[in-house]
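Please view the sequence and the model together.

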Amino acid sequence: MSIFFNVILPVIAVFGAGFILQRFKPIDIRAVSTLFIYVFLPALVFTKLYEATFDRSYTILLIFAFVQLGLMISLSKLAKHIFKWSHSVESASILTAGFMNAGNYGVPVIMFAIGEQALPYAIFFMVIQTMFMNSFGVYYASRSSSGIRRAVMKVFTLPATYAALIAIILQNISWEIPETVYSTLSMVGGAAIPVMMVILGMQLASITSITFNWQVIISTVSIRMLIGPNCVRFYKSSRCRSNSRSGLNNCSIHA
């Protein structure tokens with residue numbers, strides 16, 4: 001129960017603020033989202049990855065993200081053949097099962113549950129998921145009119161991609177960012193998490209009507225909720241075994 005009050009409830013409260021705002025004072029979500037993508041998000045990605053100490057955990061996290069995505073896509077394709085889905089339904093299943101909301105929902109939950117020390121990992125995973133969504137996701141969402149090459153190139157239109165690359169490069173050279181510049185970036189980046197949470201609430205409030213296909217929903221949710229958590233459990237157990245071999249006694253995110 002403490003997890004609900006200390007982690008989930010604060011996140012829902014901020015989502016609710018965006019939901020209520022959009023219901024009673026409609027705002028152009030595209031304008032707010034553009035501001036977030038081109039201003040707040042790059043600052044957050046840059047500062048957190050610049051402060052991070054990159055080790056083997058980041059490599060394992062990257063491998064895990066690719067393995068999970070491949071597994072979710074494969075299972076969705078298997079479900080397509082079993083249930084005789086059309087290509088459009090298959091794409092919808094892949095987009096639902098294979099791509100997670102690691103930003104608007106994942107980052108705040110990790111921050112409330114674990115703390116600031118986990119944010120570099122959460123941001124790194126969010127960048128991976130953003131790149132997946134804007135490459136593989138774009139391909140599956142519009143594969144009838146967009147090839148994989150065009151979808152992959154879309155990744156390089158995202159400011160967060162360059163923010164991550166610049167942060168990693170600056171970590172490996174002797175030049176240091178002036179304090180005034182870095183403090184400004186930190187201030188802007190600090191606003192990114194609450195802004196992304198409010199945006200998600202606003203997006204939820206903009207949904208007007210939905211037609212449910214329960215066969216697809218149950219199949220896709222089963223793939224996502226049964227297979228996905230087991231992937232995480234396997235990842236965690238592998239980290240614990242690695243810790244044991246290294247003489248560590250914990251299985252925390254810093255392991």
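The text below covers the salt bridges and then a serine in a helix.

This is a predicted model, in which local features need pLDDT of at least 70 and side-chain atom pairs count only at pLDDT 80 or more, while totals for chains, interfaces and linings use all residues. Residues are numbered from 1 along each chain as its sequence is written, and side-chain values use heavy atoms, with hydrogens and water left out.

The structure holds 4 salt bridges (a side-chain nitrogen of Lys or Arg within 4 Å of a carboxyl oxygen of Asp or Glu). Among them are the following.

| Salt bridge | N to O distance |
|---|---|
| Asp-28 and Arg-30 | 3.7 Å |
| Lys-77 and Glu-90 | 3.0 Å |
| Lys-80 and Glu-90 | 3.9 Å |

Lys-80 lies in helix H3 and Glu-90 in helix H4, so their pair ties together parts 10 residues apart in sequence. Shared partners join Lys-77, Lys-80 and Glu-90 into one network of salt bridges. Helices here are DSSP runs (H or I, at least four residues), numbered from the N terminus.

Accessibility is classed as buried (under 20% relative accessible area), exposed (over 50%) or partly exposed (in between), with a 1.4 Å probe and protein chains only.

Ser-219 belongs to helix H11 (residues 214-246). Ser-219 counts as buried because its relative accessibility is 13%. Beyond neighbours within four places in sequence, Ser-219 contacts Phe-83 and Trp-85 (heavy atoms within 4.5 Å).

Notes:
Helices (H or I, at least four residues) and strands (E, at least two) are DSSP runs, numbered from the N terminus.
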